[in-house]
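Please open the structure in your viewer and keep the selection tool at hand. The tour below goes step by step, each stop saying what to select and what is found there.

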Amino acid sequence: MKILVTGASGQVGSELVTALARKYGRDSVLACDIRRMPDSDIQFEEADVRDRDGLGKIIRDNGVQKIFHLAALLSASGEKNPTLAFDVNLLGTWNVLTTARDQGVKQVIIPSTIGVFGPDTPKKNVPPTTIVRPRTMYGITKYAAELLGDYFSSKFSLDCRGLRFPGLISYLSPPGGGTTDYSIEMIVAAAHQEPYECFLREDTRLPMMYMQDAISSLIDLSEADSSRLTRRTDYHVSSFSFTPKELEEELHRHFPSFRVTYRPDFRQEIADQWPESLDYSAASADWGFKPRFDFRHMVSDMISHLARPKVI
Ligand SMILES: NC(=O)c1ccc[n+]([C@@H]2O[C@H](COP(=O)([O-])OP(=O)(O)OC[C@H]3O[C@@H](n4cnc5c(N)ncnc54)[C@H](O)[C@@H]3O)[C@@H](O)[C@H]2O)c1
């Protein structure tokens with residue numbers, strides 16, 4: 001089986017292709033992106049998801065049967081360039097879904113995001129079905145992509161699945177322009193013994209997850225028995241919630257002289273629209289989702305890796 005990963009050079013993609021290669025064999029994985037993956041021996045094709053013909057050729061030539069569609073512009077980048085976010089996130093997803101349908105691809109997995117929520121969404125323990133109404137181009141396009149996945153599943157029997165990630169924390173690749181990027185930046189600064197200026201207010205509580213758990217959740221959802229799935233493209237997954245101040249205090253336990261100043265910018269308005277915590281009971285019941293890392297374990301694991309050379 002050939003598995004295509006779009007957006008493979010990004011924060012999630014670069015770790016997903018490694019995990020897929022480990023699980024299914026290196027020859028099973030085909031990475032594509034508009035920029036080349038650094039230091040990888042996985043088969044790579046340069047591809048722009050806005051180019052339907054180019055994407056179709058890659059899928060056809062390689063006999064792709066499963067797609068993890070990760071190519072996207074994230075929340076902060078999307079607000080800086082809404083036209084590009086619309087083209088990549090929405091038209092790109094349309095191209096992936098129509099090409100997958102036309103070429104008999106068996107399954108398409110599309111990660112979504114807490115960015116689909118808006119200011120009217122409840123704040124705590126938010127279930128997948130709730131008030132949504134996003135106000136950012138990222139949220140609008142990712143919510144539409146969820147609905148397209150549902151549509152292609154019911155109308156064309158294409159097996160589309162997806163989950164809403166919270167902020168993702170990792171040490172291998174730099175984050176790609178999201179509102180929760182502060183968490184990685186703060187841990188990296190502490191590990192490098194540098195002060196940090198945080199672009200969110202110190203009391204901004206957001207749901208988060210460590211990358212190892214995020215990668216497992218994508219693969220587990222893809223492998224889940226379809227007869228057990230009660231949802232399609234909007235499973236919630238999450239591990240813990242914290243504020244910038246709580247992360248600063250946890251980092252003080254490791255680096256007592258670490259200092260953070262707070263200077264909220266335009267990303268505060270985005271964060272203020274998102275929930276504090278997610279209800280992920282459907283993912284647990286339907287396909288056994290259970291995060292391995294808690295907050296403290298995540299911070300100490302990040303620090304132990306950042307202390308080694310050649311990380312961000
Ligand atoms: N990182 C997070 O915290 C987070 C949280 C929630 C959801 N997600 C979702 O996970 C997925 C992956 O996000 P990520 O964090 O790896 O993002 P990222 O920005 O790190 O990576 C996205 C990749 O897409 C590529 N790309 C951009 N335009 C493209 C195009 N036109 N054609 C092909 N590739 C293109 C970029 O080069 C980049 O490598 C996205 O769908 C995102 O919505 C991420």
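Begin at the interface of domain 1 and domain 2 in this predicted model, where 23 residue pairs, both members at pLDDT 80 or more, are in polar contact. To bring the two parts into view, colour residues 2-166 together with 209-236 as domain 1, and residues 169-207 together with 239-306 as domain 2.

Next, stay on the side of domain 1 that touches domain 2, and select α1 (13-24), α3 (75-80), β6 (159-165), β9 (206-210), α7 (211-223) and β10 (235-236), each of which supplies at least two residues to that side. Among these elements, α7 gives the most, with six residues.

Now select Glu-276 and Lys-124, whose side chains meet in a salt bridge with an N to O distance of 2.9 Å. The count of salt bridges between domain 1 and domain 2 is one.

Finally, step back and show both domains whole: 42 residues of domain 1 are in contact with 40 residues of domain 2, and the centres of the two domains, taken over C-alpha atoms, are 23 Å apart. Between them, domain 1 and domain 2 bury about 3500 Å², with 57% of that area on carbon and sulfur atoms.

Technical notes. Residues are numbered from 1 along each chain as its sequence is written. This is a predicted model: local features need pLDDT of at least 70, side-chain atom pairs count only at pLDDT 80 or more; totals for chains, interfaces and linings use all residues. Side-chain values use heavy atoms; hydrogens and water are left out. Domain bounds come from an automatic or database domain assignment. Contact means heavy atoms within 4.5 Å. Buried area is the accessible area (1.4 Å probe) that two parts lose on being put together, summed over both. A salt bridge is a side-chain nitrogen of Lys or Arg within 4 Å of a carboxyl oxygen of Asp or Glu. A polar contact is a pair of N or O atoms within 3.5 Å; within protein, one must be able to donate a hydrogen and the other to accept it, and residues adjacent in sequence count only if both atoms are side-chain atoms. Helices (H or I, at least four residues) and strands (E, at least two) are DSSP runs, numbered from the N terminus.
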